[in-house]
Amino acid sequence: MSEPIDSPVAATEGTKTTKLEKGIGLCLSGGGYRAMLFHLGSLWRLNELGLLPKMDRISSVSGGSITSAVLAMNWDGLDFREAVAENFEEKVVSPVRSLAGRTLDKGSVLGGLLLPGTVSERIEGKFEKHLFGKKTLQHLPDKPRFVFNATNVQTGVLWRFSKPYMADYKVGKVNQPDTPLALVVAASSAFPPVLSPVQMKLDPERFEPGSGDGLQREPFTSEVVLTDGGVYDNLGLETVWKRYRTVLVSDAGGQIQPEEDPEFDWARHSYRVLGIIDNQVRALRKRQLLENYKRSRETESLDDPSWRKGAYWGIRTDIADYELQDALEAPFAATLKLAAVPTRFKRLPPEVQEQLINWGYAVCDAAMRKYGAADNVPEAAFPYPDSPL
């Protein structure tokens with residue numbers, strides 16, 4: 001029997017739920033290079049805590065998908081000793097930081113405007129050149145299940161990429177896809193308007209018969225038009241929320257800022273309005289998550305389909321809120337400056353890279369210790385002590 005496509009989260013599209021499992025799911029949000037590096041710090045600390053091999057699913061969008069894909073691609077090469085990958089820095093940190101020293105978006109946008117080919121094709125080409133080569137979804141491990149989320153512009157719902165299948169619950173699923181990782185990450189991180197859309201040609205015969213809900217027909221099955229996964233779910237939460245009791249969320253998403261004098265031309269005004277919509281959707285998902293965490297700390301009710309435990313940490317979190325006497329030093333004013341790094345694929349100076357990694361590490365450590373999500377916690381120390389926050 002084939003695996004069913006996850007149904008929508010109750011808070012977004014419907015009320016159908018699946019039976020929850022006891023496993024652990026990790027969500028990595030979007031946010032360009034800012035998110036890529038912040039999540040790298042979080043994964044660094046999760047590795048030290050011995051939690052990486054205990055993950056059942058790692059779900060990501062946009063900038064989070066870059067870091068997740070590097071981890072996935074190199075998973076089989078990680079040298080786990082007592083659940084800790086001793087070569088994590090070599091296999092995961094180094095390639096991500098190498099990419100953070102390059103600007104991908106500016107040249108790709110200009111080339112897409114002035115030369116044959118699209119912006120997204122150029123981004124995909126750079127991901128292939130600098131990170132993923134010819135690796136495909138079939139090069140990923142079976143466990144943890146890595147899920148990369150994009151948004152299907154045609155159907156308005158999530159398009160999921162994973163090793164066993166890629167799917168949109170309305171269109172159906174393609175089993176054992178050999179989609180290049182470079183294309184997968186380009187689609188997941190195609191933030192509009194400049195890097196979107198990604199067009200993906202498919203063979204309609206590859207779709208599992210009867211796996212779609214009303215739209216398993218051409219042109220939906222022959223050409224898929226995708227945009228950033230964060231358009232639908234900036235936390236990458238949905239695919240984990242519907243399946244696991246323990247949900248960990250690393251959030252490096254942006255936040256819309258007040259404007260005293262908003263623009264009135266249609267292009268910039270529309271962009272501003274879309275930003276407001278995105279901000280509200282993200283806030284609703286975060287509120288749902290935190291309210292369920294709170295309930296789970298008050299009472300354990302495994303019969304309640306909304307019951308979850310876990311931890312959330314965000315790039316805009318004040319580490320003092322965790323009320324830990326031995327939390328790593330992370331002044332709120334300094335971390336807010338890091339949270340304001342633009343959502344771009346623009347080269348970041350080494351010191352900023354290291355500070356973002358340090359911040360992701362520190363706040364992940366605080367959240368995990370505060371909410372009891374880790375046992376026998378080893379002492380925390382900034383990965384880059386010479387780049388304090």
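Student: Let's start with strand pairing. Which residue in E11 stands opposite Leu26?
Tutor: In this predicted model, Leu26 faces Leu248 in E11. Zoom out and you'll find E1 (residues 21-28) joined to strand E11 (residues 244-251) by 6 bridges, with the two strands running parallel.

Student: And what does E1 do with strand E2?
Tutor: E1 and E2 (residues 57-61) also pair in the parallel sense, over 4 bridges. Look at Leu28: its bridge partner in E2 is Ser60.

Student: How many of the residues of E1 are buried?
Tutor: As a general idea, side chains in a regular strand alternate between the two faces of the sheet. Here, 6 of the 8 residues of E1 are buried, so the strand is largely enclosed by the rest of the structure. Cys27, for one, counts as buried because its relative accessibility is 0%.

Student: While we're on cysteines, how many disulfides are there?
Tutor: A disulfide is a covalent bond between the sulfur atoms of two cysteines. The count for this model is 0. Cys364, by the way, counts as buried too, at 0% relative accessibility.

Student: On to helices. Which residues of H5 are buried?
Tutor: Val119, Ser120, Ile123, Glu124, Phe127, Leu131 and Phe132. They sit on the same side of H5, because they cover an arc of only 135° around the axis. The helix itself spans residues 119-132, 14 residues, and reaches 18 Å from its first C-alpha to its last, close to the 20 Å expected at 1.5 Å a residue. Just past its end, Gly133 takes a positive phi of about 55°.

Student: How do I read the aromatic pair of Trp75 and Phe146?
Tutor: You describe a pair of aromatic rings by the distance of the centres and the angle of the planes. There are 10 aromatic pairs in this model. Trp75 and Phe146 make an edge-to-face one, 6.1 Å centre to centre with 70° between the planes. That pair links distant parts of the chain, 71 residues apart: Trp75 is in the loop between helix H2 (62-73) and strand E3 (80-81), while Phe146 is in strand E5 (residues 145-152). Both Trp75 and Phe146 are buried.

Student: Which rings link into a cluster?
Tutor: Tyr33, Phe127, Phe132, Phe191 and Phe345, through ring pairs.

Student: Last one: where does the charged end of Arg308 sit?
Tutor: Over the ring of Trp241, 4.1 Å from its centre. Lys173 has its charged end over the ring of Tyr165, 4.6 Å from the centre.

Terms used. Residues numbered from 1 in each chain as written. Predicted model: local features only at pLDDT ≥ 70, side-chain atom pairs only at ≥ 80, totals over all residues. Heavy atoms only, no water. Expected span 1.5 Å × (residues − 1). Buried < 20%, exposed > 50% of the residue type's maximum accessible area, 1.4 Å probe, protein only. Arc of directions from axis to C-beta. Phe/Tyr/Trp six-rings, centres within 6.5 Å; stacked < 30°, edge-to-face > 60°. Lys NZ or Arg CZ within 6 Å of the ring centre and 35° of its normal. Disulfide = S-S within 2.5 Å. Pairing = 2+ DSSP bridges.
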